[in-house]
Amino acid sequence: IESPGLTVAAGALRVVSGEADVQAASLSFRGIVGRLDFTFLSLKARELVRQAVNFLGRSRSHRQEAEEAMRLSAPDVSLEAADALRARAGTVDLKAEGAARLDGSIVRLG
């Protein structure tokens with residue numbers, strides 16, 4: 001099929017081929033859910049690798065900033081854990097404007 005512009009619209013499209021080669025100056029895939037299944041994948045993408053390195057560098061920087069100083073301010077905060085909730089700090093300062101309640105079958109202080 002040779003055409004200056006080709007449009008295929010379908011509710012479902014399946015292509016089966018022994019070999020397929022796609023060449024394009026620009027290629028876009030858009031969708032809600034994507035899935036790729038490969039036994040072997042070879043990928044050459046200089047820009048993808050550069051972006052991944054930049055992302056990892058920024059992630060490390062943001063994680064370090066969060067580890068150095070983290071502040072949470074909200075009208076209400078609820079922490080729920082199915083099994084265990086652990087917090088460690090050099091200093092813990094808890095302040096309640098009203099009643100403070102600690103409920104547990106065993107409570108250890110000190």
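Is Thr 91 buried or exposed, and what is its relative accessible area? Thr 91 is exposed, at a relative accessible area of 68%. Here, exposed means over 50% relative accessible area, buried under 20%, and partly exposed in between (1.4 Å probe, protein chains only).

The model is predicted: local features need pLDDT of at least 70, side-chain atom pairs count only at pLDDT 80 or more, and totals for chains, interfaces and linings use all residues. Residues are numbered from 1 along each chain as its sequence is written, and side-chain values use heavy atoms, with hydrogens and water left out.

**Figure 1. The whole chain.** The secondary structure comes to one helix and zero strands. The radius of gyration is 27 Å, well over the 13 Å that the globule rule gives for 110 residues, so the chain is more spread out than a compact globule. That radius is taken over C-alpha atoms, and the globule rule is 2.2 Å times the number of residues to the power 0.38. The C-alpha trace spans about 80 × 35 × 30 Å along its principal axes. Of the 110 residues, 0% count as buried. The accessible surface comes to about 12800 Å². Carbon and sulfur atoms hold 52% of that surface. Areas come from the Shrake-Rupley method with a 1.4 Å probe; for residues, only the protein chains shown count as cover.

**Figure 2. The nonpolar patch around Leu 13.** Ile 1, Leu 6, Val 8, Leu 13 and Val 15 make a nonpolar surface patch of about 660 Å². Patch residues have over 30% relative accessible area and no salt bridge; nonpolar side chains (Val, Leu, Ile, Met, Phe, Trp, Tyr) are joined within 5 Å, like charges within 9 Å. Leu 13 sits in the segment before helix 1 (46–68). Helices (H or I, at least four residues) and strands (E, at least two) are DSSP runs, numbered from the N terminus. Leu 13 counts as exposed, at 65% relative accessibility.

**Figure 3. Two salt bridges.** Side chains of opposite charge can pair when their charged atoms come close. The count here is two salt bridges. The rule asks for a side-chain nitrogen of Lys or Arg within 4 Å of a carboxyl oxygen of Asp or Glu. Arg 35 is exposed, at 69% relative accessible area. Asp 37 is exposed too, at 55%. The other bridge joins Lys 95 and Glu 97, at 3.8 Å from N to O. Both Lys 95 and Glu 97 are exposed.

**Figure 4. Thr 91 and Leu 94.** Thr 91 lies in the segment after helix 1. Thr 91 and Gly 31 are 60 residues apart in sequence and 48 Å apart in space, C-alpha to C-alpha. Leu 94 is also found in the segment after helix 1. At 78% relative accessibility, Leu 94 counts as exposed. Leu 94 and Leu 109 are 15 residues apart in sequence. Their C-alpha atoms are 14 Å apart in space.
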